[in-house]
Amino acid sequence: MVGVANVSRIDQQSTLHGTEELVINMGPQHPSTHGVLRVILKLDGETVNDLDCDIGYLHRGTEKIGENINYTMFIPYTDRLDYIAAPSNNLAWVTAVEKFFDWEIPMRAQYIRSMVGELSRIASHLLWLATHALDIGAMTVFLWCFREREMVLDLFETAFGGRLTVNAFRLGGLHEDVPEKFLQLTQEFVDIFPSRVDDYETLLTNNRIWLQRTRDVGIISAEDAMDLGLTGPIIRGSGVKWDLRRAKPYAAYPYLDFVVPIGENGDIYDRYLVRIEELRQSTYIIQQCLEQLPGGPASCKTPRTIKPPEGEIYHSIENPKGEFGFYIVSDGTTTPYRVRIRPPSFINLGGLKKLCVGQLVADVVAIIGSIDIVLGECDR
Amino acid sequence: MDMALEVAVAAIKIFIVVNVVQLVVAYLIYVERKVIAHAQLRLGPMRVGWHGLLQPIADGLKLFLKEDIVPDKADRVVFVLAPVMVLVPALVVYAVLPFSATFYITQINIGLFFVLAISSLGVFGVVMAGWASNSKYSLLGALRSAAQMLSYEIFLGFSVIGPLMLAGSLNLQEIVHAQRDVWFVFYQPVAFIVFFVAALAETNRAPFDLPEAETELVAGFHTEYSGMKFAFFFLAEYASMMVISTIGIVLFFGGWEGPDFIPLPGFVWYVLKLSVFMFVFIWLRATLPRYRYDQLMRVGWKFMFPLVMLNIFLTGFLKYLFL
Amino acid sequence: MEIYFFYMFAGGMILTSLLMVTRANVIHAALLLVLTFFFLAGVFVLAGAEFLAAVQILLYAGGIMVLYLFSIMLMNVEVAVRMRQWHRQGVVVFVAAVLLGLEIWAVLGEVEFAAPKQWEWSLGATPGNVEALGAVLYTKFLFPFEVASVLLLAAMIGAIVLAKRTIER
Amino acid sequence: MSDEAVENSEETNGAPDSEESADEVAEAVKTPPGEDLKEVVESAFPGAVLEQSAYEDDEDEATFVLDVDSIVAVSTHLRDHGDSLFKLLTDLTAAHYPEAENPLEVLYHLYSFEHNRRLRLKVRIKEGQSMPTVSGVWSSADWMEREVYDLFGIEFEDHPDLRRILLPDNWGSHPMRKDYPLEGRGERIYTKPKRKEIGD
Amino acid sequence: MIPMTHFLVLGAILFLIGAAGVLMRRNAIIILLSIELMLNAVNVTFVGFSRHLADMTGQVFGIFVITVAACEAAVGLAILIALNRDRTMVNVDEVNLLKW
């Protein structure tokens with residue numbers, strides 16, 4: 001039996017040539033729905049009247065799998081959630097599980113975790129910028145961003161052996177200390193990267209067409225953003241100064257200095273500026289990590305089998321896309337009783353309808369781009 | 001006997017021009033890929049031949065050998081005719097273009113008007129393709145395209161009036177002769193800007209490539225096309241790019257004539273100027289994001305239209321005063 | 001030579017216009033009418049009206065007919081294809097048309113035309129048709145020309161008012 | 001924090017949680033986590049908090065167990081009250097405890113920007129019992145409730161658009177329940193449709 | 001040299017075809033197209049006379065006819081679109097009331 005895609009609220013049978021409304025099926029193979037998102041648009045001319053998202057094409061039951069394997073084994077599965085920024089997911093999982101214990105995680109591991117977390121933020125934001133610019137038609141930025149993203153992936157390869165799904169961290173620290181070469185290359189990257197961000201900005205930030213396409217499009221107020229549960233750069237773009245790295249610090253963030261950028265109008269352009277500034281801030285954080293990186297072991301002593309005490313915890317981190325959290329119920333055995341992933345893309349995507357209705361088709365593409373979704377984590 | 005000779009010469013000329021244009025267009029695509037690739041820190045085609053020089057031929061072969069698909073619910077006749085309707089006007093226009101003082105197929109007294117008229121027919125192919133595909137993306141692309149090309153045709157038409165008033169003729173050769181001393185771009189900078197923007201929109205090039213905006217409408221009006229029919233659309237796009245550039249050169253940059261102190265044949269001057277134009281077209285594509293539909297219309301009607309009208313009035317006034 | 005081209009164009013026009021009138025699919029009809037206009041432009045060129053031929057293609061084919069196609073695409077035409085195509089009064093009209101045609105034929109057979117005059121310029125020459133037309137249009141016919149522009153303005157406003165969905169008062 | 005806690009939990013006010021898993025809770029403290037929030041709730045809805053707990057007395061893990069009927073009113077109150085202002089519904093999910101009396105547990109994770117704190121609300125319901133929707137309180141609940149409906153089969157009354165979201169419409173069962181096998185029930189076994197070959 | 005009668009006969013035939021189309025078809029768009037055909041038939045005659053008399057007036061009138069055709073197309077299509085939006089039909093014999 002093969003499952004059929006969800007029947008939409010929107011009637012697919014409405015007339016093709018009617019003056020009134022045109023139903024368009026965007027995706028799941030559309031070039032700018034970023035994966036296998038399917039958006040059913042109801043158009044009046046070029047204006048969007050109604051919209052329905054069909055997701056789940058990438059649903060793999062990750063939560064169910066999590067309930068059947070042990071805590072360490074689940075780390076690689078988290079890689080496959082937000083595969084654009086895999087180390088960030090690892091970080092969320094290991095910090096969540098570590099919350100059950102009172103292990104003393106070595107500072108070296110904490111700093112490297114923060115550093116790799118920021119690198120993955122850069123990787124994620126670069127991919128976002130690349131595809132977002134391509135959606136709006138600026139195709140050169142796409143490849144420029146990929147050049148730097150490639151550098152970040154090379155760094156991951158140097159440190160952990162993997163490039164996309166790196167399986168970076170272990171419970172209690174790192175699998176093993178990062179090689180010296182990684183630190184050297186990271187320093188080189190940090191030295192180069194800010195000028196590269198300037199390059200992207202010369203192409204976009206003051207470009208008249210870019211401004212026209214992004215300013216006052218897809219506006220969401222701070223109140224609405226909270227109501228819709230939007231997190232990450234989107235809510236910051238609406239002017240809420242809230243970053244989990246500051247609000248609920250984890251890893252080495254309490255010791256690091258950085259600015260949480262916020263926008264004013266909550267339009268696409270503000271989200272763009274917020275993410276661009278985050279690229280710079282991430283570079284700054286990595287620089288600090290490199291300077292302050294303490295010596296010592298990269299992992300603390302952990303028991304051979306991870307058996308958290310009975311109880312339930314929720315822990316979340318600031319993923320590039322937003323608040324990425326795990327709710328874990330432990331029954332005292334080696335496998336979790338319940339694993340819940342709090343997916344930022346999924347919840348942010350829930351706000352798409354509110355953002356898009358009344359806008360033009362071309363804006364839908366820009367708005368989807370500005371939400372920055374990754375379907376692996378949205379569908380889990 | 002004379003008549004037969006004339007016809008034979010014309011046929012040979014047409015044969016040469018059409019074939020050269022096809023070949024140049026194929027290599028134009030190659031150049032575009034190379035230029036954009038280098039703008040984007042890539043190498044572009046490298047595998048087929050030295051630096052990928054045989055790539056256009058490989059592409060052509062691939063497109064030629066591809067299965068020719070006509071969608072089930074498409075209107076067969078119109079679907080097949082549409083690419084022809086796009087390509088034929090783009091090539092017919094070459095009949096009156098002056099490539100050099102001596103090399104042209106024909107010259108007629110309504111030359112420029114003929115070019116405008118024939119190239120306005122390209123929109124039919126686009127609309128036919130969009131409608132006949134029976135696909136919503138294609139239809140949306142066709143609707144956008146019809147509105148866009150219709151609107152920008154007006155600005156294109158008005159922007160050439162300025163140089164026309166200076167030259168006093170619609171004959172393309174005579175417009176070139178009128179610029180022996182000073183290129184019209186110096187007299188008519190505003191008209192040139194409007195002309196260039198309208199030219200971008202007319203040929204559906206970035207930043208006005210909305211009808212085929214791949215990130216919104218998949219591929220716009222040619223979403224359902226494949227193989228040789230798709231290639232026709234491609235050839236037509238680049239052929240009309242060359243047409244519109246040639247018109248720009250003739251109207252504003254002295255056509256095939258260059259400064260006297262550099263003794264180069266007229267045809268070489270023409271090719272040089274054409275290359276610059278082509279490069280700017282490609283360069284813009286690598287640089288600029290895409291306009292939105294309503295912004296495109298706003299730019300046209302609220303900015304370019306008043307500008308070009310003002311230009312016509314000023315030109316007329318100044319010509320009355322000084323000439 | 002000229003006359004053969006004329007027969008070709010005239011035959012093409014009659015054929016395509018007949019096809020146009022009989023099509024059920026409106027898009028096909030509109031495209032056939034475009035073809036008719038091409039042939040018509042050919043006839044114009046043969047009659048020494050090159051400028052009018054170009055105007056015919058630029059405005060009629062490239063402008064008005066695109067407007068038609070655009071509007072047809074906005075409307076629901078698929079239903080109309082499946083409906084009865086001909087009006088009930090069709091037969092009467094057909095007979096009347098044929099009779100009228102015969103009458104015109106008879107009248108034209110009677111008329112003797114004087115020898116045609118020649119243009120002062122040859123086909124396609126500069127200065128020629130364009131210059132002559134411009135000279136007449138902007139001197140002798142300046143007032144009708146301005147009136148035509150007022151007519152266009154009125155039509156534009158009328159079309160906007162009619163096609164607009166709701167008019168804010 | 002196990003299912004047995006349901007049975008012997010009385011109104012807990014001030015006293016440490018009487019849990020079977022008490023060995024995890026290090027020691028009784030004078031003010032258990034979330035006490036101030038409890039006061040906020042109790043001031044408007046006395047007796048609404050059936051049970052109060054927290055993992056290792058972490059303020060962010062404060063958990064209230066609520067009754068099905070009070071959840072919408074309490075969450076509206078918590079969202080609007082000046083001392084709580086839980087404007088963000090971080091997460092809405094469920095868990096399945098097949099052995100418990102009320103086997104399905106719906107969880108709400110709230111976050112307050114102003115006070116930078118978290119709160120977890122829980123509602124335990126019986127099999128087949130439906131829940132009131134909180135999508136009127138937080139719009140973000142819309143999709144999350146759809147997901148819970150999809151994966152756990154909990155119906156939400158008055159939900160604007162209760163359809164499956166991740167799984168196909170004709171999936172039939174709810175895979176996040178504990179009785180659903182990890183390998184699935186063969187829904188995805190693909191039988192190649194018979195296709196007419198050329199020459200047939 | 002094309003005889004004058006040829007132009008007149010061609011114009012007459014086209015005009016008749018157009019007129020028959022207007023009166024016989026039910027589809028309003030085809031009726032509009034037929035009207036365009038009739039206008040062009042008139043143009044043929046105008047241009048024919050212009051040729052015969054070597055006088056530009058015929059061509060000037062041709063231009064005016066095209067202007068009128070443009071106006072007619074714009075207003076006619078606007079009416080059709082308004083009608084189609086209200087009633088979803090394009091058949092003229094169903095439009096038999098002045099006001100709905």
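This passage walks through a predicted model of several chains, going from single chains to the places where chains touch.

In this predicted model, local features need pLDDT of at least 70 and side-chain atom pairs count only at pLDDT 80 or more, while totals for chains, interfaces and linings use all residues. Residues are numbered from 1 along each chain as its sequence is written, and chains are lettered from A and ligands numbered from 1 in the order in which they are written.

Chain D has 4 helices and 7 strands (helices are DSSP runs of H or I with at least four residues, strands are runs of E with at least two, and both are numbered from the N terminus). Along the sequence, these follow the pattern α-α-β-β-α-β-β-β-β-α-β. Of its 200 residues, 42% count as buried, where buried means that 20 or more other C-beta atoms lie within 10 Å of a residue's own, exposed means 12 or fewer, partly exposed is in between, and the C-beta atoms are placed from the backbone. Contacts in chain D can also be sorted by how far they reach along the sequence: among those between residues at least 6 apart, 51% join residues at least 24 apart. Two residues are in contact if their C-beta atoms, placed from the backbone, lie within 7 Å.

Now for the sheet in chain D. It is an open sheet of 5 strands in the order E1-E2-E5-E4-E3, with mixed pairing; two strands pair if DSSP finds at least two bridges between them. At the edges sit strand E1 (51-53) and strand E3 (88-96) of chain D, each pairing on one side only. From one strand to the next, the twist averages 20°. Helix H3 (residues 71-80) of chain D packs on this sheet, touching strand E2 (63-66), E4 and strand E5 (117-125) of chain D, and its direction makes about 175° with that of E5(D). For such angles, axes are lines fitted to C-alpha atoms, for helices over the stretch in contact, and the values run from 0 to 180 degrees between N-to-C directions.

Going across the sheet, E1(D) and E2(D) pair in the antiparallel sense over 3 bridges, and D:Glu51 stands opposite D:Val65 in E2(D). E2(D) and E5(D), in turn, pair in the parallel sense over 4 bridges, with D:Leu121 in E5(D) as the bridge partner of D:Phe64. Further along, E3(D) and strand E4 (residues 104-112) of chain D run antiparallel and are joined by 8 bridges; here D:Thr93 has D:Leu107 in E4(D) as its bridge partner. In a regular strand the side chains alternate between the two faces of the sheet. E2(D) is covered on both faces, with D:Thr63 and D:Val65 buried on one side and D:Phe64 and D:Leu66 buried on the other.

Chain B brings in some helices. Helix H3 (residues 76-92) of chain B has 17 residues and reaches 25 Å from its first C-alpha to its last, close to the 24 Å expected at 1.5 Å a residue (the expected span is 1.5 Å times one less than the number of residues). H3(B) bends by about 25° at B:Ala82, with a proline, B:Pro83, following within four residues; the bend is the angle between axes fitted to the seven residues ending at a position and the seven starting there. The buried residues of H3(B), including B:Phe79, B:Ala82 and B:Pro83, pack against helix H1 (2-39), H4, H5 and helix H12 (227-252) of chain B. As for H4(B), 9 of its 9 residues are buried, so H4(B) is largely enclosed by the rest of the structure.

Finally, the chains meet. The contact between chains B and C takes 25 residues from chain B and 21 residues from chain C. On the chain B side, helix H4 (111-119), helix H5 (122-132) and helix H6 (136-159) each give two or more residues. By class, that side has 19 nonpolar, 4 polar and 2 charged residues (Ala, Val, Leu, Ile, Met, Phe, Trp, Tyr, Cys and Pro count as nonpolar, Asp, Glu, Lys and Arg as charged, and the others, Gly among them, as polar). Among the 6 pairs of chains that touch, chains C and E have the most contacts. There, 62 residues of chain E are in contact with 71 residues of chain C, and H3(E) provides the largest share of the chain E side, 21 residues.
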